[in-house]
Amino acid sequence: MPNIKKFRVLPYLPENLKPLLRIAQNLLWVWNFEAIELFRRLGVDMWRELSHNPMALLGSLPQEMMNEAAESESFLAHMNRVEEELDWQLTKKTWFQENSSIEGEMNVAYLSAEFGIHECLPIYSGGLGVLAGDHLKSASEIGIPLTGVGLLYKLGYFHQYLNVDGWQQEKFPATDFYNIPVQLVKDENNETLFISVEYPGRNVYAQIWEVQIGRIQLYLLDTDIDKNSGEDRWITYQLYGGDNEMRIKQEMLLGIGGVRALKEMKKNITVFHMNEGHSAFLSIERIRLSMKEKGLSYNEALANVCVNNVFTTHTPVPAGNDRFDPELVGKYLSFYINDMGIKKEDFLALGREVVTDKEETFCMTVLAIKTAAFCNGVSALHGTVSRNMWKALWPSLPVHNIPITHITNGIQTLSWTSDEMMRVLNRYLGPRWIDNPVDKDIWLNVDSIPDSELWRCRERMKERLVGFSRNKLKKQLKARGMPKYEVEMADAVLDSEALTIGFARRFATYKRATLIFKNMERLEKIISNKDRPVQFIFSGKAHPKDNMGKELIKELIKLARDEKFRNKIVFLEDYDINIARYLVQGADVWLNTPTRPKEASGTSGMKVVPNGGLNISVLDGWWAEAYNGSNGWTIGHGEEYDEWEHQNYIESESLYNILENEVIPMFYDRGADGIPREWVARIKESMKTICPIFNTNRMVRDYTEKFYLNAHNNCQQYRNDNYKVAREFSGWQEKISGKWKEVKIKEIYIKDDAEIVVGKRINVEAVVNLGTISPEEVQVELYFGNLNSEGDIQEGASISMDKVNGLTEGDILYEGQVLCLKSGQFGFTVRVIPYHKDMARKYKPGLVTWA
């Protein structure tokens, strides 16, 4: 290749339109419909063709159209309003500023393999990325000092298209980074800033791109540069592409490179948040830096890193967690193992559930859990699933004590609410719902919306969905090479007045997209009712290697071509954020049919609610918390089955019954004015009970109050006085671990033998011998609760026991009380755990002694 010099050409804007570039480069416009309308005014057809990308739009507009906008007083006034709103959002006093009082400046780093912010930035595959994008948006809204870190993928996730047989095909169009809202990070000399990461036998370099999302910066690493070999340039080509070796390369870049990028940009991070295990190698780099730069030992560095790490798991099944063979870990992480001066087996132990099992693979989730003081699942049910999944890490603890809690996911409401519905909500709830979507009292004003106005708004959104679906389907059929008559038939699909049910998500088998097809006779009867028509719109991708998921799509396409179902079942190809918006805004009902408990949370159903859609779902993930009996419908009652086919039969029959006996009659039971009053009442109940809770403003507040502030305080405490606390705590922990086998509980008994009745307090005494461990270094706990059928304590409670006095030969007497609040069979026991005032976690694996 010849020596090619590169340069960037920016859009030319007349002087009075220069604010457009500033507005376009801050993705706050994504959730500001006035800003979106501003770009639409420049050229609505081009706006659509360019995937709603303002940077590409500004670079593609003919000069005469640009000049026309520059001379339009109306357009300029509109632009000035949007810029003023941007300024206000960036400078207003936020929830965090009003409610936090912390020592030092908190800075959170949020690392994720994908971010779904908008379709013009295609670095996401599905729910994990969209959740991460909404996390950043809400962090901006409530003022959390947070920085995002990810990878900028040249090819992103694949684009989906179907062949004539309905089989999913994949294509990978390259993204032009110079025509999307990202900018290269430069150093103080205005030169491109690079970081490097050690890989086997070479360094891999990455440049850093910055995305501005309101107040938040998102930094994305990119290895597609001349400094790297062709092989290493591919590291940031595809999201979730390649084999396990490519996966470990990407995760090293994300975790290790992410920490180095933040350091190179002089970001003083006090809290690190790992969104899934993909970024867990950040702990390795942080440990290494603590040793090299702060002079800490390995154990001191590990203690120092754990106290301000946060980890969120989104995976409810073991197969969803990344695992690497020990040989592959040794190959790629040998530099770090040697630089830290530890044994390979000690390193591998960080990623193993059973550290003595030499054959066990290295699990990124285990690494994250072991190196984070704060761990959570993403719904209450998923918290329970996660504690059961990872209980082997704390083999001597009851499952409910496993230190993995939950913070339920949410959505950034403004990104998913239609502009029509926003206007209705502004009119009756006032503008405060936008700034404070977590206020339950504000959402009670939904009752003041006239039924007719809410229903007409719903009708407009559904008409828009039907129109979009027809156009999308015509393009799909043309691209598939279908006959002209079949393409033209797309103009007749769907009915804007029919009950419309949406289903859109990844086509994984456990999500059961085809559950509704289990009994074709009942489905045909439901769909073919001319007086009460029902129609379905599906969308979603199967992973390129998931042939079972592809078979589900093929089966669906075959049904959609059947004359009995044609026009009533539609599949929209290449599911992305844009399609998702149309669906969640226009669907009357959102269908969710996962196999419980395999849906960690799910957020798509949350997105229909502020748009007036209703949910029919299995009681899994978030819906197990949201459903109250009158804000949607539930399939089953939370049962879990051992037999797959039996479960599918039972739950498909339940779904048909709900549709036939409740949903369809309620939707078509109209008053004289054509409005389904009972349906609208259910919409209002759904909005009042779900919108203020299941949003990311509440979620990010929860992370801040439960994790970020505590992690920041831990960081400040451990850093002080040349890491004195880290050194002392690590030394104490090593000492306690070495002596723990001396701890023995010799005897426990109830002090009095009187009859025990409800309301009575029983006194319990325990004789404990701590050996050479001081009583101040332990906590002796009374553990009690109901007994299950096997005679074990079920989800017991614990209270501290008081030291009464010393006995002979080192024995110590402890005493505690249990208040009996109800009758039945109960049990109690006693346990001893280590205690230190600087412990970030209450329980340390292996250090629990039971009576």
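How are H21 and H25 oriented to each other? The structure is a predicted model, in which local features need pLDDT of at least 70, side-chain atom pairs count only at pLDDT 80 or more, and totals for chains, interfaces and linings use all residues. Residues are numbered from 1 along each chain as its sequence is written, and side-chain values use heavy atoms, without hydrogens and water.

Helix H21 (residues 451-479) and helix H25 (residues 577-586) have axes that come within 8 Å and cross at roughly 140°. Helices are DSSP runs of H or I with at least four residues, numbered from the N terminus; axes are lines fitted to C-alpha atoms over the stretch in contact, with angles from 0 to 180 degrees between N-to-C directions. H21 and H25 are therefore oblique to each other, a class left over once angles under 35 degrees (roughly parallel), over 145 (roughly antiparallel) and 65 to 115 (roughly perpendicular) are set aside. In H21, the residues that meet H25 include Arg-458, Leu-465 and Phe-468, and their partners in H25 include Ile-579 and Tyr-582, where contact means heavy atoms within 4.5 Å.

The second largest pocket holds about 1,000 Å³ of space. A pocket is an open set of points on a 1 Å grid over the protein atoms alone, where a 1.4 Å probe fits, with protein on both sides within 12 Å along at least five of seven lines; lining residues have an atom within 4 Å of a point. A volume is the space filled by probe spheres set on the points, which are joined across faces, edges and corners. Of the 34 lining residues, Leu-302, Lys-370, Gln-733, Lys-844 and Pro-845 lie nearest the centre of the second largest pocket. H30 gives the most to this lining, with 6 residues.

Definitions and conventions: Helix = DSSP H or I, 4+ residues; strand = E, 2+ residues; numbered from the N terminus.
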